[in-house]
Amino acid sequence: MQDTLTILERLCAFDTTSHKSNQDCVEYCRHLLVSAGFDITVLPNADGTKANLHAVAGHKDGPALVLAGHTDVVPVDGQNWSTDPFKLTQRDGNLFARGTTDMKGFVAVALSVATNLNLDALGLSLHLVLTHDEETGCFGARDISDYLRSVIPAESFCMVGEPTDLRPVVAHKGIIGLRATVNGSEGHAATIATKTNAIHYASDLVQYLMQQEQVYAAKPAQDGYDTPYSTIQVGLIRGGQARNMIAKQCTLEFEFRHLPDNPSKSFMTNLETFLSTDLRPGLNRNDDEASIQIEILSHVPAFKAREPSGFLPVLQADPRAAKVKFWDGVTEAGYYQNAGLDTVVCGPGSISQAHQPDEYVSEKDLHECEDFLHRLISRLGAT
Ligand SMILES: [Zn+2]
């Protein structure tokens with residue numbers, strides 16, 4: 001039996017930056033949960049370097065509650081930390097280390113609450129789901145969603161404990177990340193009239209993307225997002241060799257952060273129409289070999305709580321979580337929703353601390369979350 005702070009200290013000591021393995025961290029969680037009587041399934045990723053974990057215990061025929069969190073954290077490289085980011089430091093009621101807010105704090109609370117329960121008396125079936133690679137594109141949640149669909153009854157409640165100040169997030173945007181590679185001609189700048197410059201056509205694509213964003217901005221959502229419409233952002237452009245050479249290749253990386261009501265499918269269909277009717281004819285005017293390819297680099301689905309959701313009123317019955325909110329960030333919630341679970345994002349700490357140097361969560365927030373989970377579990381177990 002361990003308390004939240006002891007568990008958090010151990011979790012933070014594992015450097016689970018997304019590009020590194022999370023297996024030691026998962027093994028620690030597995031051990032804790034097995035000792036407490038949970039049944040565990042560890043699901044390695046394709047190359048065996050990382051793992052997801054599913055744990056279950058309690059009353060098999062009762063209602064099911066899933067507590068979901070990710071084990072990976074963002075890098076600390078280039079950040080100016082005043083404490084060791086992988087050593088939990090307590091100061092003035094706050095707990096500093098990478099991942100304390102996003103989201104090892106919630107994972108520690110979930111593990112502490114779960115492993116201190118009297119499982120024989122539990123009136124519900126309690127699941128814990130821990131994933132890898134959330135920060136790089138929710139790949140762990142993507143990989144585990146089919147498995148969850150097969151082992152957790154549809155309609156079960158799922159709480160994704162991202163740092164929302166314990167307010168239920170009922171919708172957030174999705175992201176599709178893309179790369180466009182434009183291949184043009186080689187040659188002396190003086191021959192451009194008969195050749196194809198890849199940068200020029202990549203610029204046409206940027207122009208198109210900015211026009212599309214204006215279309216989305218003209219129809220903002222009524223909800224409470226900070227930016228109430230879908231946005232498009234070109235984050236990287238690379239191309240050309242010298243001022244007096246025709247640019248043979250140009251690469252763009254961009255993303256579409258879309259509201260649940262602007263699915264990425266229609267964005268992709270419109271993009272393909274622009275490429276085939278506008279961009280490619282010009283691209284091939286002087287050069288049959290010139291081309292543009294689009295690759296999807298990552299895709300995290302948008303999330304919208306069920307309407308009506310059975311879970312949301314249960315959460316809101318607790319005064320601490322009475323008010324819902326909308327988020328501009330993304331989470332794994334869309335994957336859990338797609339796995340059939342009645343999902344809400346709700347967890348301790350503030351997103352403003354996430355990914356920052358000297359990231360922290362307050363002890364008070366973690367204790368409030370402990371109490372919140374205890375109340376939730378007893379309410380669900382009593383029904
Ligand atoms: Zn997170």
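**Close-up views of aromatic contacts**

**View A. An aromatic cluster of three residues.** In this predicted model, Tyr-216, Phe-256 and Phe-267 come together as one aromatic cluster.

**View B. The tilted pair of Phe-14 and Tyr-28.** The rings of Phe-14 and Tyr-28 form a tilted aromatic pair, with 5.9 Å from centre to centre and 45 degrees between the planes. Because Phe-14 lies in the loop between helix H1 (4-13) and helix H2 (23-35), whereas Tyr-28 belongs to helix H2, the pair ties together parts that are 14 residues apart in sequence. Both Phe-14 and Tyr-28 are buried.

**View C. The stacked pair of Phe-256 and Phe-267.** Phe-256 and Phe-267, which also belong to the cluster of View A, form an aromatic pair that is stacked, at 4.1 Å centre to centre and with 15 degrees between the planes. Phe-256 is part of strand E11 (residues 249-258) and Phe-267 is part of helix H6 (residues 264-283), so this contact ties together parts that are 11 residues apart in sequence. Phe-256 has a relative accessibility of 0% and therefore counts as buried, and Phe-267, with a relative accessible area of 1%, is likewise buried, since the cut-off for a buried residue is under 20% relative accessible area.

**View D. A charged side chain over an aromatic ring.** Arg-91 lies over the face of Phe-96, at a distance of 4.4 Å from the ring centre.

Definitions and conventions: Residues numbered from 1 in each chain as written. Predicted model: local features only at pLDDT ≥ 70, side-chain atom pairs only at ≥ 80, totals over all residues. Heavy atoms only, no water. Phe/Tyr/Trp six-rings, centres within 6.5 Å; stacked < 30°, edge-to-face > 60°. Helix = DSSP H or I, 4+ residues; strand = E, 2+ residues; numbered from the N terminus. Buried < 20%, exposed > 50% of the residue type's maximum accessible area, 1.4 Å probe, protein only. Lys NZ or Arg CZ within 6 Å of the ring centre and 35° of its normal.
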